[in-house]
Amino acid sequence: MKLLGYAPVFWTSLRGYNKENLSADVMAGVIVGIVALPLAIAFAIASGVSPEKGIITAVIAGFIIS
């Protein structure tokens with residue numbers, strides 16, 4: 001998919017994508033999630049709100065960002 005000599009990086013990076021890359025990406029996502037939830041709880045407590053609000057905010061922000 002080239003338009004005037006431009007190919008989006010997304011398309012060119014998928015050429016060499018395989019199961020090993022997928023498993024590494026899934027593992028990285030799980031690790032980031034494990035680290036992000038306690039951090040969200042800490043930010044919520046530091047902000048003066050309940051930890052549940054921090055978790056809810058982290059989950060919603062994670063879906064929006066992804």
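Helix 2 has 29 residues and, at 1.5 Å a residue, should span 42 Å; its end C-alpha atoms lie 41 Å apart, which agrees. The expected span here is 1.5 Å times one less than the number of residues in the helix. This is a predicted model, in which local features need pLDDT of at least 70 and side-chain atom pairs count only at pLDDT 80 or more, while totals for chains, interfaces and linings use all residues. Residues are numbered from 1 along each chain as its sequence is written, and side-chain values use heavy atoms, with hydrogens and water left out.

**Fold and overall shape**

- The protein has three helices and zero strands, in the order α-α-α along the sequence. Helices (H or I, at least four residues) and strands (E, at least two) are DSSP runs numbered from the N terminus.
- The radius of gyration is 18 Å, whereas a compact globule of 66 residues would have a value near 11 Å. The radius is taken over C-alpha atoms, and the globule rule is 2.2 Å times the number of residues to the power 0.38.
- The C-alpha trace spans about 50 × 30 × 15 Å along its principal axes.
- Of the 66 residues, 5% count as buried (under 20% relative accessible area; exposed is over 50%, partly exposed in between, with a 1.4 Å probe and protein chains only).

**Ends of helix 2**

- Asn18 caps the N-terminal end of helix 2, with a side-chain oxygen 3.3 Å from the backbone nitrogen of Glu20.

**Largest pocket**

- The largest pocket has a volume of about 260 Å³. A pocket is an open set of points on a 1 Å grid over the protein atoms alone, where a 1.4 Å probe fits, with protein on both sides within 12 Å along at least five of seven lines; lining residues have an atom within 4 Å of a point. Points are joined across faces, edges and corners, and the volume is the space filled by probe spheres set on them.
- Helix 2 (19–47) and helix 3 (51–65) each supply at least two lining residues, and helix 3 gives the largest share, six residues.
- The lining includes Gly29, Val32, Leu37, Phe63 and Ser66.
- By class, eight lining residues are nonpolar, four are polar and none is charged.

**Val32**

- Val32 lies in helix 2 and is among the residues that line the largest pocket.
- Val32 counts as exposed because its relative accessibility is 56%.
- Val32 and Ile64 are 32 residues apart in sequence and 15 Å apart in space, C-alpha to C-alpha.

Terms used
Ala, Val, Leu, Ile, Met, Phe, Trp, Tyr, Cys and Pro count as nonpolar, Asp, Glu, Lys and Arg as charged, and the others, Gly among them, as polar. A polar contact is a pair of N or O atoms within 3.5 Å; within protein, one must be able to donate a hydrogen and the other to accept it, and residues adjacent in sequence count only if both atoms are side-chain atoms.
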